Amino acid sequence: MIELVIPTFKRLNKQITLSCIPDELLDTVTLVVQPQEENDARKVHNKIFVVSGDNIGFAKTIRDITYEFAVNRQSRFWILDDDLKFLRHYETEDGKLRKELMTKSDWNEFLSKTETWMDEGFSHG
């Protein structure tokens, strides 16, 4: 399954993205933090990747993540901002559009379709 990677800095107590992911999928999620936040991050989530240094900036953080997950782990991964909400949009019987937080079933469908598209050659990187 695709790994969900959430880089975060100075927002450990405001993990919107992490809180939207169903408990059953949390084992696919890795929080990415700087060394200065490692201890606090381990109180928030059990899967942590610590980047190479403190105050390294966004570009170096992404480089560290990409090297770790693409080269070292040889995995499929998706880098997600730490303040995303995931909504499903649908039309009700009376024709009105509604938005609701994604359910576990929505997440499974979403990730399964993404994996299928990657398997079929959808450009990604």
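Predicted model: local features only at pLDDT ≥ 70, side-chain atom pairs only at ≥ 80, totals over all residues.
Which residues have the most contacts inside the largest nonpolar core?

1. The core. Leu 4, Ile 6, Ile 21 and Trp 107 are the residues with the most contacts inside the largest nonpolar core, which has 19 residues. Two or more residues of this core come from each of β1 (3–7), α1 (16–20), β2 (29–33) and α4 (104–119). There is also a second, separate core of six residues, with Val 5, Phe 49, Val 51 and Ile 65 among them.

2. Leu 4 up close. Leaving aside residues up to four places away in sequence, Leu 4 touches Ile 21, Thr 28, Val 29, Thr 30, Trp 78, Leu 80, Trp 107 and Leu 111.

3. Four strands make up an open sheet, ordered β3-β2-β1-β4, and their pairing is parallel. The edges are taken by β3 (48–50) and β4 (77–79); each has a single partner strand, so one side of each is left without a neighbour in the sheet. On average, neighbouring strands are turned by 25° against each other, direction ignored.

4. The partners of β1. Four bridges link β1 and β2 in the parallel sense, while three bridges join β1 to β4, again running parallel. Along the β4 side, Glu 3 stands opposite Phe 77, and Val 5 stands opposite Ile 79.

5. How β1 is covered. Is β1 mostly covered or mostly exposed? Mostly covered: five of its five residues are buried. This holds for both faces, with Glu 3, Val 5 and Pro 7 buried on one side and Leu 4 and Ile 6 buried on the other. As a reminder, in a regular strand the side chains alternate between the two faces of the sheet.

6. Helix α3 (residues 57–72) lies across β1, β2, β3 and β4. Relative to β4, helix α3 runs at about 170°.

Definitions and conventions. Residues numbered from 1 in each chain as written. Heavy atoms only, no water. Core = buried A, V, L, I, M, F, W, Y, C linked by side-chain atoms within 4.5 Å. Buried < 20%, exposed > 50% of the residue type's maximum accessible area, 1.4 Å probe, protein only. Contact = heavy atoms within 4.5 Å. Pairing = 2+ DSSP bridges. Axes fitted to C-alpha atoms, helices over the stretch in contact; angles between N-to-C directions.
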